[in-house]
Amino acid sequence: MTQSRRTVAGALLALAAAALAPAVQAQAFPSKTIRFVVPFGPGSGTDTSARYFARKLGDLTGQPVVVDNKPGANGFIAVKQVLSAPADGYTVFIGSNSTLAVNAALFKELPYDPVNDFAPLTMMMRSPAMIATMPKAPYSDLQGLIAHAKAHPGKVNFGAGSAGYQLMGELLNDKAQISTVHVPFKGAGETMTAVASGTVDYTFAEVTAVQELAKGGRVKVLAVASDKRVAAAPEVPTAAEAGLPGFEAYTWVGAMVSAKTPAAETAKLAELFTAISRMDETRDFYARIGATAMTGGPAQMHEFQKNEIALWKRIVTQAKVPLQ
């Protein structure tokens with residue numbers, strides 16, 4: 001082969017390698033540790049979901065997946081960490097109804113855009129909220145709580161580990177025509193500790209955050225805010241059964257990455273997360289903790305999120321909740 005032909009052949013090989021490089025890189029993703037950033041501490045339904053999906057994603061990819069809890073400031077700390085990290089697909093935000101929908105309704109100004117700053121991957125789960133109170137409360141059911149609050153307007157308080165739970169409390173105020181005081185906490189773990197110690201009168205929390213404390217007699221569960229009882233706690237009545245028909249409130253968890261993440265990496269993560277959400281094992285896992293596995297890819301999650309933002313904005317207006 002002449003020198004000129006070798007030169008041409010070399011150039012063609014280089015071009016072919018360059019053309020194949022993006023495909024090879026896309027196929028290789030992920031090739032290192034993936035980090036899940038969670039806006040709440042251990043013990044929350046968001047954290048429980050993050051740890052389950054981290055384990056399954058590690059099984060599917062062969063790569064380590066770590067969970068990084070960044071509670072506080074209404075999720076702003078966690079959001080900032082995700083959006084300031086390299087947008088390469090290796091930092092995933094495990095968000096909830098609070099950070100991805102409720103904040104948009106509750107705050108006059110947000111340091112982030114929950115729709116445009118993120119690219120959705122998939123929904124993970126939905127869980128009805130439980131209304132729990134301190135074990136020595138002077139009432140034993142939801143009607144008793146409502147009567148107590150009416151007899152002591154402005155003196156009964158409820159703890160909320162997120163903006164979502166705050167609005168559930170305000171919705172209960174509006175629905176039951178009572179006036180109670182919101183006390184903020186960094187997450188479900190802190191809130192449940194406060195209820196168990198009697199620091200606050202009652203709270204809303206996921207089934208996962210309530211179960212063990214209720215079994216140990218450290219908190220008393222008054223009702224579940226759903227249209228039917230949950231299998232994980234069949235003894236707990238629905239709000240309707242407890243005397244407040246029409247009161248329903250759910251939390252949900254979903255995964256997102258920065259909107260600046262390349263399309264190939266976003267699509268690969270969406271494929272992996274959606275596959276996990278559709279596993280029979282995932283459905284059974286959530287059923288055991290009183291939640292429901294949610295499926296659907298990026299498009300479905302995007303639509304769901306927009307509908308949730310509209311819903312909470314209506315609730316804020318209806319309950320006349322002051323914007324923060």
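Predicted model: local features only at pLDDT ≥ 70, side-chain atom pairs only at ≥ 80, totals over all residues.
Residues are numbered from 1 along each chain as its sequence is written, and side-chain values use heavy atoms, with hydrogens and water left out. The pLDDT is the predictor's confidence in each residue, on a scale from 0 to 100. The average over the chain is 89, and 92% of the residues score at least 70. Helices (DSSP runs of H or I, at least four residues) and strands (runs of E, at least two) are numbered from the N terminus.

In terms of relative accessible area, residues are called buried under 20%, exposed over 50% and partly exposed in between (1.4 Å probe, protein chains only). With a relative accessible area of 41%, A73 is therefore partly exposed, and N74, at 33%, is likewise partly exposed.

The loop between β9 (250-258) and α9 (263-277) includes T261, which counts as buried because its relative accessibility is 8%. A polar atom of the T261 side chain lies 2.8 Å from the backbone oxygen of S258. Where contact means heavy atoms within 4.5 Å, T261 touches A87, D88, G89 and T266, residues up to four places away in sequence being left out of account.

Burial is also found in helix α7 (residues 188-197), where A188, T191, M192, A194, V195 and A196 are buried. The cover over these buried residues includes β4 (118-133), β5 (157-160), β7 (202-206) and α8 (207-215). After α7 comes G198, which has a positive phi near 85°.

Two helix pairs were examined through their axes, which are lines fitted to C-alpha atoms over the stretch in contact, with angles that run from 0 to 180 degrees between N-to-C directions. Helix α2 (residues 45-61) packs against α9 at an angle of about 115°, and the two axes are 10 Å apart. The contact is formed by Y52, F53, K56, L57, L60 and T61 of α2 together with L272, F273, I276 and S277 of α9. Seven of these residues are nonpolar, two are polar and one is charged; in this classification Ala, Val, Leu, Ile, Met, Phe, Trp, Tyr, Cys and Pro count as nonpolar, Asp, Glu, Lys and Arg as charged, and the others, Gly among them, as polar.

In the second pair, the axes of helix α4 (residues 97-106) and helix α11 (residues 298-318) come within 8 Å and cross at roughly 35°. On the α4 side, L100, A101, V102, A104, A105 and L106 meet M301, Q305, E308, I309, W312, K313 and V316 of α11. By class, this contact of α4 with α11 has ten nonpolar, one polar and two charged residues.

Conventions: Polar contact = N/O pair within 3.5 Å; in protein donor to acceptor, adjacent residues only side chain to side chain.
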